[in-house]
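Please look over the sequence and the model shown here before reading on.

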Amino acid sequence: MAFPWRNRKSGLKTKLDRRVLDKEITVPTHFRCPISLELMKDPVTASTGITYDRQSIETWLEMGNATCPVTKQELRNADGLLPNHAIRKMIQDWCVANRRYGIERIPTPKIPVTRTQVVDILSEVAAAGQRGDHARCRQMAAKVRNLARESERNRRCFASNGASRVLAATFGAVAGGSSECSAAEVSEEILAALATVSPLDEEAASHIGSPESLGCLVSILTHGNLAARLSAALVVKQLLASSGAKVDAVAGTKGLVEALARLVKEPIFPQATKASLVAIFYMVSHDERTAAQVVDLGLVPVLVEALVEPEKSMNEKALAVLEGLLSCEGGREKARQHALTVPVLVKKMFRVSDMATELVVSALWKLCRNEGEEGEGKGRCLQEALRVGAFQKLLLLLQVGCSGETKEKATDLIKQLDGHREAYECVDTMDFKGLKKPL
């Protein structure tokens, strides 16, 4: 039977296996998972009595299979898998006995949470929030965060059992209640847990999108510690991604756009910067007034300079926001005033991703379209684009193919650039007119 996630290189091909082969020692067959054929790190025994590595058998079950891969008998869900401590201890002893061959001892795995445990923890979070017990609420929210970070399985277990709804409702209750220091601390802890068990469902988005919750988010984004500000930025991003109806409310919250822009201008963590950029993108794409506000906050030159860095994910997000800001006249004017705007856009046309390429073409098109009607320096961006090779790159883009809208914009740009090529080339060739061609 073929398992799609099994190492496709047949035989003993892992790092461990190569060491074993080099030293001519054999991994006992009962130490290997029947699915992955690799040394088990977290052996668990199914209801059929067969022992598997936890990750392999849980993946098998998540794919919709309901039978034991070995016996073909019916299997219960993942909660029916029991840790096989005896086999795990034997594997660890075998690793220690062979450490002179470079084999590292597998760590003792942490037991994942069960659905029953998750439900009990979330119930305690909600109850503590309702009775105003900030200390208990903070303690249980921290437990959610820590358990969810232990493994992807734990995170999914919390997410599938309504963690985002419970945490968001509790955050809203705390935000709308006392303004004591303890309330601020528990709000930050709830946000950290909420950012871990994302995404937000509709009910959770409704709670986080309330005026009280949004006001608390602004306060944390502005005055919270670095970790709390990161959590707040992540939650705002999740809110906008999960509920388009909340964009107006978020953008209209006093101080929120300014707080997100500050995280871009004065970075604390790359993750916080990226989350803020995504949140700003949703808002500027929805409303030109918000775009003008972001321009006034001085974000255009920051975005242009961010594109100089090679990191792909940051480039894509910065390009998305910049392209959105170029929809307003103020954004275009600020971009034209920056000497790096056109060169860095042209440079990034083929160097990041297909999505970035489309954003670059759209940004250049917005900059060059009707350029003479806005501000001074008619045709300046077109001439700069020609100088740095935009014409040739756009022709190549049309040859390799792109989406319909991008193709239209690229074609229009080529026509505009072609109108300036003769004048531009005359300047370049002026000094060579008197030279005779060699025979």
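Residues are called buried when their relative accessible area is under 20%, exposed when it is over 50%, and partly exposed in between, using a 1.4 Å probe and protein chains only. The structure is a predicted model, in which local features need pLDDT of at least 70 and side-chain atom pairs count only at pLDDT 80 or more, while totals for chains, interfaces and linings use all residues. Residues are numbered from 1 along each chain as its sequence is written, and side-chain values use heavy atoms, with hydrogens and water left out.

**Overall make-up**

- The protein has 23 helices and three strands, where helices (H or I, at least four residues) and strands (E, at least two) are DSSP runs numbered from the N terminus.
- Of its 439 residues, 47% count as buried, and the accessible surface comes to about 22600 Å², with 51% of that belonging to carbon and sulfur atoms; accessible areas come from the Shrake-Rupley method with a 1.4 Å probe, and for residues only the protein chains shown count as cover.
- Taking contacts (heavy atoms within 4.5 Å) between residues at least 6 apart in sequence, 66% join residues at least 24 apart.

**Salt bridges**

- A search of the whole structure finds 20 salt bridges, each being a side-chain nitrogen of Lys or Arg within 4 Å of a carboxyl oxygen of Asp or Glu.
- One of them pairs R54 with D42, with the closest N and O atoms 2.8 Å apart; R54 lies in helix α2 (residues 54–62) and D42 in the loop between α1 (15–23) and β1 (43–45), so this pair ties together parts that are twelve residues apart in sequence.
- Both R54 and D42 are buried.
- R155 and E152 also meet through their side chains in a salt bridge (3.1 Å, N to O), and these two residues, three apart in helix α6 (residues 152–160), are separated by about one helical turn.
- E152 is partly exposed, at 42% relative accessibility.
- In a further salt bridge, the side chains of R165 and D201 meet (2.8 Å, N to O); R165 lies in helix α7 (residues 163–175) and D201 in the loop between α8 and α9, so the pair ties together parts that are 36 residues apart in sequence.
- R165 is partly exposed at 34% relative accessibility, and D201 is partly exposed with a relative accessible area of 23%.
- Salt bridges that share partners join D42, R54, E58 and R153 into one network.

**Polar contacts**

- H286, found in helix α14 (residues 270–286), is partly exposed with a relative accessible area of 43%, and its side chain makes a polar contact with the side chain of D248 (2.9 Å).
- A polar contact is a pair of N or O atoms within 3.5 Å; within protein, one must be able to donate a hydrogen and the other to accept it, and residues adjacent in sequence count only if both atoms are side-chain atoms.
- H286 and D248 are 38 residues apart in sequence and 8.2 Å apart in space, C-alpha to C-alpha.
- S198, in the loop between α8 (181–196) and α9 (202–208), counts as buried at 19% relative accessibility, and its side chain makes a polar contact with the side chain of Q238 (3.4 Å).

**Cysteines**

- The whole structure has zero disulfides, a disulfide being a pair of cysteine sulfur atoms within 2.5 Å.
- C68 is buried at 0% relative accessibility, and C328 is buried with a relative accessible area of 5%.
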